[in-house]
Amino acid sequence: MTTHSLPARTDTPAGAPAEKPARGGTRRLMRPRAGRQHHAGPLAYVLLAVMAVLSIFPLYWTMVAASTDNTRVSQTPPPFLPGPNLFSNLARAWDEAAMGKAMINSLIVAGVIALSTVMFATLAGFAFAKLRFKGRNALLMLVIGTMLVPPQLGVVPLFMMMSELGWSQQLPAVIFPTLVSAVGVFFMRQYLSEALPDELVEAGRVDGAHSLRIFWSIVLPVARPAMAVLFMITFVHAWNDFFWPFVVLDMTNPTVPVALTQLSAGYVRDQSLIMAGALLGTLPLLLMFIVFGRQIVSGIMAGAVKG
């Protein structure tokens, strides 16, 4: 019985050159380079760990200093482990600095300033980025130029203006001068110039939408990641602002940074008490970042992908 060997089946069309097998009798499969995952090496993890420790250490030291007494904080070497007086020092700082009222005032001031800055900066950024009108470049240069002026130069006339309006020692004196910032306008203008296609704006025009309708239906969804970042930055800056609230407010109606100055009064400063007050003033910011940090980071990544 004889057997006949069948010819090997090939998918090469007639007339096409046969593909040469790779060395070793196997055909090499070339994987595309796009989408390939890059794995970090040990050095990257070491650097990230060092940066994380350096970033967390100031907060940890604040907690350690707030949990001991003034004598222990002043010793050499200083303590590096928490002590037993944390809650008692926090209670003292809360009572002596009127932190309850100060936190409510800071929440009102920082919240209103952050919301108004985000809304006005997004409106102005959209106008500078996508609308065409006379004097646009000159106005943009004027806005950028205000960033070069030190804010201390306007303290005296601004304080006189607040006194004339009857807002001295009141929260509106802190809120209204900072309802919008040049940094926020420039930031939103740069973001919308890249992330918002001109075709979307033109499509809204073709559909008969006016500028405010385009802003509400098209611009806001595109600008949401940048708005979240700007809100976070503005809120933290307004919460930590000390100079102007210290000038225009007093201890009867303070914000958190102004209230903390009450803890440093006296001939001998209690460093542990000051650190306890600083820890109280930092906790709301930490809680806000823990609650909204994932949404903000995901919004930033979404904006980066869309851009």
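Me: How many helices and how many strands does the protein chain have?
Reply: Happy to start with the overall picture, which comes from a predicted model. From the N terminus on, the elements run α-α-α-α-α-α-α-α-α-α-α-α-α. The count for the protein chain is therefore 13 helices and zero strands.

Me: What share of the residues in the protein chain is buried?
Reply: Buried here means under 20% relative accessible area. The protein chain has 307 residues, and the buried share of them is 32%.

Me: How are helix 4 and helix 8 oriented to each other?
Reply: Two packed helices are described by the angle between their axes and the distance between the axes. Helix 4 covers residues 99–130 and helix 8 covers residues 182–195, and their axes lie 7 Å apart at an angle of about 50 degrees. An angle under 35 degrees would count as roughly parallel, and 65 to 115 as roughly perpendicular. Helix 4 and helix 8 are therefore oblique.

Me: Is the crossing of helix 4 and helix 8 left-handed or right-handed?
Reply: This is the pair packed at about 50 degrees. The crossing of helix 4 and helix 8 is right-handed.

Me: How do the residues of the contact of helix 4 with helix 8 divide into nonpolar, polar and charged?
Reply: From helix 4 come Ala121, Thr122, Ala124, Gly125, Phe126, Phe128, Ala129 and Lys130, and they meet Gly184, Val185, Met188, Arg189, Leu192 and Ser193 of helix 8. Sorted by type, the residues of this contact come to eight nonpolar, four polar and two charged.

Me: Which residue's backbone oxygen does the side chain of Lys130 reach?
Reply: A polar contact takes a pair of N or O atoms within 3.5 Å. At 2.8 Å, the side chain of Lys130 reaches the backbone oxygen of Leu196.

Me: What is the relative accessibility of Thr122?
Reply: Thr122 is another residue of helix 4. Setting aside neighbours within four places in sequence, its contacts are Thr117, Met188, Leu192, Phe215, Val219, Leu220, Ala223 and Met227. Thr122 counts as buried because its relative accessibility is 0%.

Me: At what distance does the side chain of Thr122 reach the backbone oxygen of Val118?
Reply: Thr122 sits in helix 4. Its side chain reaches the backbone oxygen of Val118 at 2.5 Å.

Me: How is helix 9 oriented to helix 10?
Reply: Helix 9 spans residues 198–206 and helix 10 spans residues 211–240; their axes come within 10 Å and cross at roughly 130 degrees. Only an angle over 145 would count as roughly antiparallel. Helix 9 is therefore, relative to helix 10, oblique.

Me: Which residues in helix 10 do Leu200, Val201, Gly204 and Arg205 meet?
Reply: Helix 9 passes helix 10 in a right-handed crossing. Leu200, Val201, Gly204 and Arg205 of helix 9 meet, on the helix 10 side, Ser211, Ile214 and Ile218. 

Me: Is Leu142 buried or exposed?
Reply: Leu142 is located in helix 5, residues 136–146. Its C-alpha atom is 9.5 Å from that of Ala182, 40 residues apart along the chain. With a relative accessible area of 57%, Leu142 is therefore exposed.

Me: Which residues does Trp61 touch, not counting residues up to four places away in sequence?
Reply: Trp61 is in helix 1, residues 42–66, and is partly exposed at a relative accessible area of 23%. Its C-alpha atom and that of Pro79, 18 residues apart along the chain, are separated by 9.0 Å. The residues touched by Trp61 are Pro78, Pro79 and Met275.

Me: What is the phi of Ala98?
Reply: Ala98 lies in the loop between helix 3 (86–96) and helix 4. At 38% relative accessibility, Ala98 counts as partly exposed. Although Ala98 is not a glycine, its phi is positive, at about 50 degrees.

How values were computed
Residues are numbered from 1 along each chain as its sequence is written. This is a predicted model: local features need pLDDT of at least 70, side-chain atom pairs count only at pLDDT 80 or more; totals for chains, interfaces and linings use all residues. Side-chain values use heavy atoms; hydrogens and water are left out. Axes are lines fitted to C-alpha atoms, for helices over the stretch in contact, and angles run from 0 to 180 degrees between N-to-C directions. Helices (H or I, at least four residues) and strands (E, at least two) are DSSP runs, numbered from the N terminus. A crossing is left-handed if the near helix is turned anticlockwise from the far one by less than a right angle, and right-handed if clockwise. Contact means heavy atoms within 4.5 Å. Ala, Val, Leu, Ile, Met, Phe, Trp, Tyr, Cys and Pro count as nonpolar, Asp, Glu, Lys and Arg as charged, and the others, Gly among them, as polar. A polar contact is a pair of N or O atoms within 3.5 Å; within protein, one must be able to donate a hydrogen and the other to accept it, and residues adjacent in sequence count only if both atoms are side-chain atoms. Buried means under 20% relative accessible area, exposed over 50%, partly exposed in between (1.4 Å probe, protein chains only).
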